[in-house]
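Dear colleague,

I am passing on the structure we spoke of, with the sequence alongside. My notes on what was found follow below, and I would be glad if you read them with the model open.

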Amino acid sequence: MTSANDEGVRLQKVLAKAGVASRRAAEDLIAQGRVSVDGEIVREFGRRVDPDSVVIRVDGTRVVLDETLVYLALNKPRGMHTTMTDDQGRPCVGDLVRDRAERLFHVGRLDADTEGLLLLTNDGDLAHRLMHPSFEVLKTYLAEVEGTVPRGLGKRLRAGIELEDGPARADEFRVKDMQAGRTLVEIVLHEGRKHIVRRMLAEVGHPVRKLVRTSVGEIHLGNLRSGHLRALTRKEVGSLHSSVGM
């Protein structure tokens, strides 16, 4: 921890530069005990810190201090491949960010026939953790499946079913709507094996007609239009860091 001396940058200036609040408002946050540096609540206006080496949190949410880091949400269209380049000339995620200065990459994958929320970033450490199954970051999908889903299917999926590459289970499952010949269901998983949602639902006799990922952790697709990008908010980025223990 950096002591309050002539080295470093004043904490309220760091918060203002990170877009948390104006310097005056940042001083109020500090006075209210809502700001921590490396896990310690700070109430001193004169505290100086090294932005490159400390972890600052406001109300428990980590503040990203590196201005070069980019965090984006994309509503991936159906038919678009989750690659940054495609040697066959097929439409791919990289087409949408080709003009950006940063070297971005996708966090995990959605198959070509699946649409919805895909995260893009140049924060390699965060991306690695988000994709690692040990951190169990939840992902929510809406699936339109064939047939009428029987009572008790959710219990079966939550208990776990056997696939060719090992057992798989849903963290949550609910029926959202039923019409003749099809059912709309919501399924939440923490793992990301290839085609896992499609394979699970096919295994229980309800092949997927349409699949949309609607959230990753606390990041939600919302009303983001297909093929469009938006920057994550400071709170959303902080929630991702918290979800993987950063």
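Which residues line the largest cavity? Please keep in mind, while looking for them, that this is a predicted model. The lining is made up of Tyr 71, Leu 72, Val 107, Leu 119, Leu 120, Thr 121, Leu 126, Leu 130, Leu 232 and Leu 240. By class these residues divide into nine nonpolar and one polar, with no charged residue among them. Strand S7 (71-76), strand S9 (114-121) and helix H3 (124-131) each contribute at least two residues to this lining, and the largest share, three residues, is that of S9. The volume of the cavity comes to about 40 Å³, and a search of the whole structure finds one cavity of 30 Å³ or more.

The strands

Strand S14, which covers residues 182-189, is mostly covered, as seven of its eight residues are buried. It has two antiparallel partners in my notes: strand S10 (residues 139-146), to which S14 is joined over eight bridges, and strand S13 (residues 172-179), to which S14 is joined by seven.

Elsewhere you will find an open sheet of four strands in the order S3-S2-S5-S6, with antiparallel pairing. Strand S3 (40-41) and strand S6 (61-62) are the edge strands, and because each has a single partner strand, one side of each is left without a neighbour in the sheet. Within this sheet, strand S2 (residues 35-37) and strand S5 (residues 56-58) run antiparallel and are joined by three bridges, with Ser 36 standing opposite Arg 57 in S5.

Helix H4 takes in residues 153-159, and Gly 154 lies in it. This glycine, Gly 154, has a relative accessible area of 10% and is therefore buried, the cut-off being under 20%. Computed along the sequence Gly 154 and Ala 112 are 42 residues apart, and in space their C-alpha atoms are 26 Å apart.

Helix H5 (residues 196-203) has six of its eight residues buried, so it is largely enclosed by the rest of the structure. The buried residues are Ile 196, Val 197, Arg 198, Arg 199, Met 200 and Leu 201. After H5 comes Gly 205, which has a positive phi near 90 degrees.

Salt bridges

How many salt bridges does a search of the whole structure find? The search gives 18, and a few of them are set out here.

The side chains of Glu 164 and Arg 199 meet in a salt bridge, at 3.0 Å from N to O. Glu 164 lies in the loop between strand S11 (161-163) and strand S12 (166-168), whereas Arg 199 lies in helix H5, so the pair ties together parts that are 35 residues apart in sequence. Are the two partners buried or exposed? Glu 164 is exposed, with a relative accessible area of 68%, whereas Arg 199 is buried, with a value of 17%. Both residues also belong to a network of salt bridges that links Glu 164, Asp 165, Glu 191, Arg 193 and Arg 199.

Arg 98 forms one with Asp 95, the closest N and O atoms being 2.7 Å apart, and Asp 95 counts as partly exposed at 36% relative accessibility. Glu 102 forms another with Arg 100, where the closest N and O atoms are 3.1 Å apart. Here Glu 102 is partly exposed, with a relative accessible area of 27%, and Arg 100 is likewise partly exposed, with a relative accessible area of 35%.

With best wishes

Note on methods: Residues numbered from 1 in each chain as written. Predicted model: local features only at pLDDT ≥ 70, side-chain atom pairs only at ≥ 80, totals over all residues. Heavy atoms only, no water. 1 Å grid on protein atoms, 1.4 Å probe; cavity = no way out; pocket = protein on both sides within 12 Å on 5 of 7 lines; lining within 4 Å. Points joined across faces, edges and corners; volume = space filled by probe spheres on them. Nonpolar A, V, L, I, M, F, W, Y, C, P; charged D, E, K, R; others polar. Buried < 20%, exposed > 50% of the residue type's maximum accessible area, 1.4 Å probe, protein only. Pairing = 2+ DSSP bridges. Salt bridge = Lys/Arg side-chain N within 4 Å of Asp/Glu carboxyl O.
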